[in-house]
Amino acid sequence: MSRRPGGGAALRIRDFRLFWLSSIATGFALSMSQVAVGWQVYELHGNPLDLGLVGLAEFIPLPLFALPAGHLADRLPRRSLFAASALVDLAVVAGLLVVTLNGPTALWPFLLLAFGTGVASAFGAPPARALTPTIVPLELLPAAFATRSSGVQFAVIAGPALGGLLFSIEPELVYAVGCVLIVAALGCALAIRAGRIPAGAEAPSLDSVLAGVRLVRRTPVLLGAISLDLFAVLFGGAVALLPVFAKDVLDVGPTGLGVLRSAPAVGALLAGLWLARRPIERYAGRTLLLVVAAFGVSMVVFGLSSSRWRSMLALGASGAVDMASMVLRATIVPLVTPDALRGRVNAVEMVFISASNELGAFESGVAAALVGAVPAVVIGGVATIAVALLWRRFFPELAGVDRLDELRPVEAAA
């Protein structure tokens, strides 16, 4: 059996290289900003619920705008929508710079700007995810997803660490550097040649907007893969509570918080580099369920740890298995989805992903306020393991996926 080409082949494609650089620059800027926002918000009142409210504010635009945004991604040039989302991100980071220069004294500006980040994600993620299958050939798709994810994870590694360092020098430096990076990302996005022609010209209607929802609902492989991430990370995510662990459990300060935020990305980067060179070729469905269960185990270990090094290793392991899960899902979903519906299906997936991340951050904040940060993380990790076991029973079609290159788009007709 011949091995598929690695991620280096994808980077030789000009448009993918520009897309990759734009994603890295944006990821770097946003991850730097997130670590600064987390520290600033928790310092206001010392209440973990405030961190959850920031996550909720970032999530709210998703159910409001995701489905119309997915329809736009199938009717308008995807490159232009991707670039427009970078402009919104630039406005958000510039707003955080203004708030910091004036001295943050209230929670509401952070909630408002978190809402703006959610808007950028709602309108930017569907065209961004739909662009990759149009830029690279099918045989390079798994490696291309792994390569892009590895680049973003590199940004997520360096971003929080540098963000924590810059914040300790001068808080506004974090956001000033972030603005420069997003301007660079916007330039790369505008230089992409692919995605300037709409994928379809279907007239806007409620029926066409909901076409992606119908496809996901009647396709067990799609529904199982997308919902798996929702429930696993909704229960098992602990990123929103890292400021609590950094200050009250591990006592590592803002620089240590940046390192903790970087730890999952280190594991994800290593896993992404491995997967870019050696894509998963067999037993994809079973492997997906296995890595989700491993994510839950890593969260239990992190929650019970009182050592910064053990905590970092557990977070690193969580990032590695989460990367494997993300690459498998990011490959399965577009391969099963017709191109004319990829924007709308990606919008549905984005709602699920953001529910697991932003709504999961709200759930983590509420749980920590009720039972404490440590029990909240441990219980969530156990729940994630249970989800992986249940999904094998609920979605046997997903568990039975073997070779990714044998997957084909399902019929688009309802």
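Helices (H or I, at least four residues) and strands (E, at least two) are DSSP runs, numbered from the N terminus. With that in hand, here's a quick tour: just after helix H2, Gly-46 takes a positive phi of about 65°. This is a predicted model, so local features need pLDDT of at least 70 and side-chain atom pairs count only at pLDDT 80 or more, while totals for chains, interfaces and linings use all residues. Residues are numbered from 1 along each chain as its sequence is written, and side-chain values use heavy atoms, with hydrogens and water left out.

**Helix H2 on its own**

- H2 covers residues 14-45, and 23 of its 32 residues are buried (under 20% relative accessible area, with exposed over 50% and partly exposed in between, using a 1.4 Å probe and protein chains only).
- That count is why H2 is largely enclosed by the rest of the structure.
- How far apart are the end C-alpha atoms of H2? They are 48 Å apart, which agrees with the 46 Å that 32 residues should span at 1.5 Å a residue; the expected span is 1.5 Å times one less than the number of residues.

**H2 meets H6**

- The axes of H2 and H6 (residues 108-135) come within 12 Å and cross at roughly 160°. Axes here are lines fitted to C-alpha atoms, for helices over the stretch in contact, and angles run from 0 to 180 degrees between N-to-C directions.
- The two helices are therefore roughly antiparallel (over 145 degrees; under 35 is roughly parallel, 65 to 115 roughly perpendicular, and the rest oblique).
- H2 passes H6 in a left-handed crossing, meaning the near helix is turned anticlockwise from the far one by less than a right angle; clockwise would be right-handed.
- Contact (heavy atoms within 4.5 Å) involves residues of H2 including Phe-16, Phe-19 and Val-41, and residues of H6 including Phe-110, Leu-131 and Ile-135.
- By class, this contact has nine nonpolar, two polar and one charged residues. Ala, Val, Leu, Ile, Met, Phe, Trp, Tyr, Cys and Pro count as nonpolar, Asp, Glu, Lys and Arg as charged, and the others, Gly among them, as polar.

**H3 meets H6**

- H6 also has H3 (residues 48-59) beside it: their axes come within 6 Å and cross at roughly 40°.
- H3 and H6 are therefore oblique to each other, and their crossing is right-handed.
- Leu-53, Val-54, Ala-57 and Glu-58 in H3 meet Leu-111, Ala-114, Phe-115, Thr-117 and Gly-118 in H6.
- Sorted by class, those residues are six nonpolar, two polar and one charged.

**H14 meets H17**

- H14 (residues 284-304) and H17 (residues 373-394) pack at about 165°, with axes 7 Å apart.
- That angle makes H14 roughly antiparallel to H17, and H14 passes H17 in a left-handed crossing.
- Among the residues that meet are Leu-289, Phe-295 and Met-299 in H14, and Val-377, Ile-385 and Trp-391 in H17.
- This contact has 16 nonpolar, four polar and two charged residues.

**Two residues to look up**

- Is Ser-85 buried or exposed? Ser-85 sits in H5 (residues 78-102) and is buried, with a relative accessible area of 9%.
- Leaving aside neighbours within four places in sequence, Ser-85 is in contact with Ala-120 and Gly-124.
- Ala-320, found in H15 (residues 308-336), is partly exposed, with a relative accessible area of 24%.
- Not counting residues up to four places away in sequence, Ala-320 touches Pro-264, Gly-267, Ala-268 and Ala-271.
- The C-alpha atoms of Ala-320 and Thr-100 are separated by 34 Å, and the two residues are 220 apart along the chain.
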